[in-house]
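Visitor: I have a fold to look over and a few questions to ask. Could you show me the model?

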Amino acid sequence: PSCFGYPLSIFFIIINEFCERFSYYGMRAVLVLYFKYFLQWDDNLSTAIYHTFVALCYLTPILGAIIADSWLGKFKTIVSLSIVYTIGQAVMAVSSINDLTDQNRNGSPDNIPVHIALSMIGLILIALGTGGIKPCVSAFGGDQFEEDQDKQRSRFFSIFYLSINAGSLLSTIITPILRAQECGIHSKQRCYPLAFGVPAALMAIALVVFISGSGMYKKVKPQGNIMVQVSKCIGFAIKNRFRHRSKEFPKREHWLDWASEKYDKRLIAQTKMVLKVLFLYIPLPMFWALFDQQGSRWTLQATTMDGNFGAIQIQPDQMQTVNPILIIIMVPVVDAVVYPLIKKCKINFTPLRKITVGMFLASLAFVAAALVQVQIDKTLPVFPAAEQSQIKIINLGTDNASIKFEPELQHVNVMSMDSTDYMTFETSQLQSLHITSGNNTELVNNTLPGGKRYTLAVKNNESRIVSQWLLDNVTSKPEEGNNLIRFINNLPDPINVTMGGTSFGNLESLSNSNYELFPGGRQDDILVVTNSTACSLTSKAFGFGSAYTIVINTCYRGNLTVAYFEDISPNTIHMAWQIPQYFILTCAEVVFSVTGLEFSYSQAPSNMKAVLQAGWLLTVAVGNIIVLIVAGASKLSEQWAEYVLFAALLLAVCIIFAVMAYFYTYVDPNEIEAQFDEEEKNKVKKDPDLYEKKAEADSQM
């Protein structure tokens, strides 16, 4: 059955691919934040495990191709590995349910190792599944066409590529929204089970869709894997060359010619072409090392930025959608506008030059990321070292106050209802604080342990100065753009405070609550109940990643007045500043990735495409392993310096590649194939039984 001149079966394949990519990219989008916030790993471990997983996903395709070509056939391979994949996604969703081990119901899992073990099992199954079916699905689609349907087949590959990007785009937008929801049985948490569960459901749909088309598919029998043959041929050549290493044997033109005793000339010639291309692949992993950090380092960078785009609120993991959005726009633009313009300027923009430019652009993108990082670092608060204390004064009285830090370290004046910034002191040197306000004075001795931040609340009552130490037990900027809020009661009577449904409990006069966590970018209602009245007020918007102390000043006839004191400033660098680095990296991907595969296919015979596809995917895997090595070995404490290091490494590799490309001579595999066809025809004329003999020889091999 056909539809619009296409085999009907390919529509099943395209829907299946869309769901599979949705499932994979959706899970991958929230993965690094799941490691960081749910499994409570630090940035470096999260990055390392993320890249190990991506590397695995690109190593397993070689396995998948061999299973499909030598043993099960493409259809059975896709079905069996999709089942593994679906189980993996389901395990991943289960691993992220915090109520699984949350016995004390405080909202965080008690037995983290259980969750880690389940996640790792899930990720290994997913890597086997997604990698194993990757080389089979597109090839299986190609198998559905007849010999004469070249035009439809190439159109199919374009639609196929588009469905990959559509799937990844939608899932990168949707999954982070699901993650940002609050869900849970006993306590409301970020909804990772939903963020992993929806991809799992889509994978199950992909599987059902694929199997339901079963009756229509053209299923080609497994014909032996060309990769195995090529490896055997190379192995034999090396072994044979080594056996004949003494001087008496004449040299051969190329080391692969030593395989000619056992393998036919055509296979040897094809293998030579493949190796020539694979040699050029050696520098390519460095590009992927930078490219795949969009999902790890760049996403972590976005968590320290301000995601408020006016009407909509962007999650840090949603910034990755910039890439597929730009790809969908850029691929047609580059093909239809940019390349023709370059051609008009009489520049011969060969595939290898395109790849070189792609590397250069990716290196630039990381310089842009480093510049953004430098700006972010300027906004991050500095916390005290172990032997230092940081002190901030809030004056809650109606008179101005003057504070001397003795012995003569510093002197500050604080207006009424005002505060200082944090001041840093060596704990051992600071002995006491001498406070003057109105007509009263007070001496406060310093008995504070070091390494912490403190706020001293000061208030001049008519008769004396009341002072109260508050420990600010915050040691880092709030994550994920959340805000920390606490209250000080500046009324004479005890009060009960709630804000946005979170209760801060009862506060005595001049006492403070603990900090509570609130999602960023919202305004909440503050409700204060005294023993005689209740009043409320809508808070101001706190931005993202800030900490505030709110002082309750008056509560009269339902009207509340408060004062806000900023303890940690919100994220001020806007997420839109990440767009330039994404734009440059996407331009790099368009000239690098699309060109790379086209070039490979044009330089090798058609039956060797699987080998090149495997080699190409291998460069992605190695690239992710490079991230592990560089990030692990560099020991750079500054994130911007690591970006610069990656940019420099890629620039160096880019120069090496440019030199290799300069010496590369392009070949036309079809001409070489034609020569062999010609030779065989001539041989058959001389010896009509040649084909029978050849078939016998092949079967004995």
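This is a predicted model: local features need pLDDT of at least 70, side-chain atom pairs count only at pLDDT 80 or more; totals for chains, interfaces and linings use all residues.

Visitor: How many helices and strands does the protein have?
Guide: Both are DSSP runs, numbered from the N terminus: helices are H or I with at least four residues, strands are E with at least two. The C-alpha trace spans about 120 × 55 × 50 Å along its principal axes. The protein has 17 helices and 23 strands.

Visitor: What percentage of the residues of the protein count as buried?
Guide: Buried means under 20% relative accessible area, exposed over 50%, and partly exposed in between, with a 1.4 Å probe and protein chains only. The protein has 701 residues. Of these, the buried part is 50%.

Visitor: Among contacts between residues at least 6 apart in sequence, what percentage join residues at least 24 apart?
Guide: Contact means heavy atoms within 4.5 Å. Counting pairs at least 6 apart in sequence, the part that joins residues at least 24 apart is 71%.

Visitor: How are helix 2 and helix 4 oriented to each other?
Guide: Axes are lines fitted to C-alpha atoms, for helices over the stretch in contact, and angles run from 0 to 180 degrees between N-to-C directions. Helix 2 (residues 43–72) and helix 4 (residues 112–143) pack at about 45 degrees, with axes 6 Å apart. Angles under 35 degrees count as roughly parallel, over 145 as roughly antiparallel, 65 to 115 as roughly perpendicular, and the rest as oblique. Helix 2 and helix 4 are therefore oblique.

Visitor: Which residues make that contact, and how do the residues divide?
Guide: Helix 2 contributes residues including I49, F53, L56 and Y58, and helix 4 contributes residues including M120, L123, I126 and K134. Ala, Val, Leu, Ile, Met, Phe, Trp, Tyr, Cys and Pro count as nonpolar, Asp, Glu, Lys and Arg as charged, and the others, Gly among them, as polar. The contact of helix 2 with helix 4 divides into 16 nonpolar, five polar and one charged.

Visitor: Which residues does L617 contact, beyond four places in sequence?
Guide: L617 sits in helix 14 (residues 609–634). It is buried, at 6% relative accessible area. Leaving aside neighbours within four places, L617 is in contact with Y58, P61 and K134.

Visitor: What is the handedness of the crossing of helix 12 and helix 13?
Guide: Helix 12 (residues 351–379) and helix 13 (residues 579–602) pack at about 155 degrees, with axes 8 Å apart. They are therefore roughly antiparallel. A crossing is left-handed if the near helix is turned anticlockwise from the far one by less than a right angle, and right-handed if clockwise. Helix 12 passes helix 13 in a crossing that is left-handed.

Visitor: Is T175 buried or exposed, and which residues does T175 touch?
Guide: T175 lies in helix 5 (residues 150–180). T175 is buried, with a relative accessible area of 1%. Not counting residues up to four places away in sequence, T175 touches G26, V30, A195 and P199.

Visitor: How far apart in space are S168 and T321, C-alpha to C-alpha?
Guide: S168 is also found in helix 5, and counts as buried at 6% relative accessibility. S168 touches Y25 and P324, not counting residues up to four places away. S168 and T321 are 153 residues apart in sequence, and their C-alpha separation is 8.2 Å.

Visitor: Which peptide bond is cis?
Guide: Most residues other than glycine have a negative phi, and most peptide bonds are trans. P407 lies in the loop between strand 8 (401–406) and strand 9 (410–414). With omega near -5 degrees, the cis bond runs from E406 to P407.

Visitor: What is the relative accessible area of R557?
Guide: R557 is found in the loop between strand 22 (547–556) and strand 23 (559–568). Its phi is near 55 degrees, a positive value in a residue other than glycine. R557 is exposed, with a relative accessible area of 71%.

Definitions and conventions. Residues are numbered from 1 along each chain as its sequence is written. Side-chain values use heavy atoms; hydrogens and water are left out.
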